[in-house]
Amino acid sequence: MSGQITICMTMGLRPDYLEQTIESLGPQMRLLPIVAINDFGDDPTNRMFDRLCPHGRRIDLGGRVGHHAAVDAMYEAVDTPYIFHIEDDWHFARTDFLPEAIALLDSDPTMTSVCVRELDDMPIEPQRAARVTYEEVGGVSYALMTRVHMRWYGFTFNPHVIRRSTWQDLGGYSRFGKEKDISRHMRAAGRHVGYLEDGGCRHIGAEHSIARKSNPLMAAQA
């Protein structure tokens, strides 16, 4: 994976979760290039990142710019063709999924990204979950959510692998107000997210969201 992919991570105000997230990545994945941004600028988070990722690059824009602009700033600093996008409140039970995700992306140009969040960790109502379909490419099993909701699942900030060119072609994220707007844009273009059937990633910070907003997936599915 060296020279192919960069880890990009948003973080802030939760150094304890950040520590759990980075440690769960394991020693091998932590050797990959990593770029992080703390849009909140708190010192405990910055110190934790610097200690756990001494080779990492931490971007400081000198003040808060908002989530989408922060992500754009990170991606501008990347020179690899793929990005593994994560946040500071996830736990990874497996860390060998990057080759699978890249192979899956390369097999389908309509796929915006490959998400590694476990399906049973997602807040999907049973009747909607029954609409999930499954495919397999080159021995890699993945789920499609296009029948679950007509506007969601075109994009997600949940941990995922994405081509940097997809972000470039989109013109960055800053021109969109919310994550759901990016998803709707992608779905309107006939594009979608693929979900590894065994992604091994679970959300550990749902009860301590720094956004302090209801889950957008649940709101969209209500």
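Buried here means under 20% relative accessible area. All views show a predicted model.

**View A. The buried face of helix H8.** Helix H8 spans residues 179-188. Its buried residues are Glu 179, Ile 182, Ser 183, Met 186 and Arg 187. Seen down the axis of H8, they fall within an arc of 130°, so they line one face of the helix. Helix H4 (67-76), strand S6 (111-115) and helix H7 (164-170) are among the elements covering these residues. Just after H8 comes Gly 190, with a positive phi of about 80°.

**View B. The largest nonpolar core.** This core has 35 residues. Met 9, Phe 49, Phe 84 and Phe 92 have the most contacts inside it. Helix H5 (residues 98-107) supplies the largest share, 5 residues. A second, separate core holds 20 residues, including Val 35, Val 78, Phe 157 and Phe 176.

**View C. The surroundings of Phe 49.** Neighbours within four places in sequence are left aside here.

View D. The structure holds 0 disulfides. For Cys 8, the nearest cysteine sulfur is that of Cys 53, 12 Å away. Cys 8 is buried, with a relative accessible area of 0%. Cys 115 is also buried, at a relative accessible area of 0%. The closest cysteine sulfur to that of Cys 115 is in Cys 201. The distance is 7.1 Å, too far for a bond, because a disulfide needs sulfur atoms within 2.5 Å.

Methods:
Residues numbered from 1 in each chain as written. Predicted model: local features only at pLDDT ≥ 70, side-chain atom pairs only at ≥ 80, totals over all residues. Heavy atoms only, no water. Buried < 20%, exposed > 50% of the residue type's maximum accessible area, 1.4 Å probe, protein only. Helix = DSSP H or I, 4+ residues; strand = E, 2+ residues; numbered from the N terminus. Arc of directions from axis to C-beta. Contact = heavy atoms within 4.5 Å. Core = buried A, V, L, I, M, F, W, Y, C linked by side-chain atoms within 4.5 Å.
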